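Colleague: I am new to this structure and would like to know what stands behind the terms used for it. Could we go through them one by one?

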Amino acid sequence: MRVVIRYFAALRDIKHRVEETVELPEGTTALGAYAAMGLPTALPVAFAVNMERVPGGTALAHGDELVFLPPVGGG
Amino acid sequence: MIAVVDQAIDTRAVADAVRDRRHGAVLVFEGVARDHHDGKQVVSLFYEAYVPMALREMEAIAADTRARWAGVSVAMVHRTGPCAIGEPSVVIAVGAAHRGEAYEASRHAIDELKRRVPVWKREHYADGSAWIANKV
């Protein structure tokens with residue numbers, strides 16, 4: 001399945017890109033995708049799929065937009 | 001008015017968005033770029049947002065605020081990009097019949113924004129920069 005991943009803040013700095021489309025095995029979870037992208041596991045990220053916050057164990061579906069949310073700093 | 005903008009926020013326009021003949025109070029909160037953080041001198045700030053989700057979250061916070069304090073009006077605008085010291089990075093205006101509910105609703109709206117809206121802040125110092133998370 002194909003998933004679009006967008007990167008923000010510290011994660012964009014690490015990946016040097018804002019977005020990529022990746023091919024992942026069926027059943028891959030949000031957390032699994034994070035690990036598959038080689039991102040640092042020490043970072044306390046949250047997950048958003050199609051702009052909804054979801055638990056890391058959520059299974060992804062073809063066409064999803066996945067965003068790893070570092071701790072926010074707005075306001 | 002719910003918006004994410006990449007230029008200076010017009011505070012008066014945000015306040016005007018909640019003016020109504022029903023309201024006896026219009027309360028405006030500005031979050032302003034400050035020149036220090038944890039003892040370090042801050043030269044400037046840079047904000048980045050996951051804009052479509054930030055707008056959704058801000059809409060949800062405004063709706064929740066209106067549900068908790070019936071009859072209030074809420075406007076929220078967050079800025080992205082470079083933000084100079086002394087300039088507002090966020091403006092929240094609340095219109096309410098009375099001041100009590102205006103203060104409570106405003107506090108709720110900014111606390112929720114800082115907790116859940118996907119916006120990130122980079123502080124620039126004389127000798128570098130860092131992404132700074134809100135204290136929760």
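Modeller: Start with pairing: two strands pair if DSSP finds at least two bridges between them. Helices (H or I, at least four residues) and strands (E, at least two) are DSSP runs, numbered from the N terminus. In chain A, an open sheet of 5 strands has the order β2-β1-β5-β3-β4, with mixed pairing. This is a predicted model: local features need pLDDT of at least 70, side-chain atom pairs count only at pLDDT 80 or more, and totals for chains, interfaces and linings use all residues. Residues are numbered from 1 along each chain as its sequence is written, chains are lettered from A and ligands numbered from 1 in the order in which they are written, and side-chain values use heavy atoms, with hydrogens and water left out.

Colleague: What makes β2 and β4 of chain A edge strands?

Modeller: Each of them, β2 (19-23) and β4, pairs on one side only. The twist of this sheet averages 30 degrees from one strand to the next.

Colleague: How do you know that β3 and β4 of chain A pair?

Modeller: β3 (residues 46-49) and β4(A) share 3 bridges in the antiparallel sense. The definition asks for at least two bridges, so the two strands count as paired. Within this pair, Val49(A) stands opposite Glu52(A).

Colleague: Which helix packs on that sheet?

Modeller: α2(B) does, touching β1 (2-6), β3, β4 and β5 of chain A. Contact here means heavy atoms within 4.5 Å. The direction of α2(B) makes about 90 degrees with that of β4(A); axes are lines fitted to C-alpha atoms, for helices over the stretch in contact, and angles run from 0 to 180 degrees between N-to-C directions.

Colleague: Why is the pair of Glu52(A) and Arg56(B) called a salt bridge?

Modeller: The term requires a side-chain nitrogen of Lys or Arg within 4 Å of a carboxyl oxygen of Asp or Glu. For Glu52(A) and Arg56(B) the N to O distance is 2.7 Å, so the pair qualifies. Glu52(A) lies in strand β4 of chain A and Arg56(B) in helix α2 (residues 51-68) of chain B, so the pair joins two chains.

Colleague: What makes Glu57(B) and Arg53(A) a salt bridge?

Modeller: Their closest N and O atoms are 3.8 Å apart. That value is within 4 Å, so this pair counts too.

Colleague: How many residues of each chain are in contact, and what area is buried?

Modeller: 21 residues of chain A are in contact with 26 residues of chain B. The area buried is about 1,800 Å², of which carbon and sulfur atoms give 55%. Buried area is the accessible area (1.4 Å probe) that two parts lose on being put together, summed over both.

Colleague: Which strands form the sheet of chain B?

Modeller: 4 strands form an open sheet in the order β7-β5-β9-β10, and the pairing is antiparallel. Its edge strands are β7 (81-84) and β10 (128-132). Strands β5 (residues 44-49) and β9 (residues 119-125) of chain B pair over 6 bridges, and the bridge partner of Phe46(B) in β9(B) is Arg122(B).

Colleague: Where is Glu101(B), and what is it in contact with?

Modeller: Glu101(B) is in helix α3 (residues 99-116) of chain B. Leaving aside its neighbours within four places in sequence, Glu101(B) is in contact with Trp69(B), Ala70(B), Val72(B) and Ala96(B).
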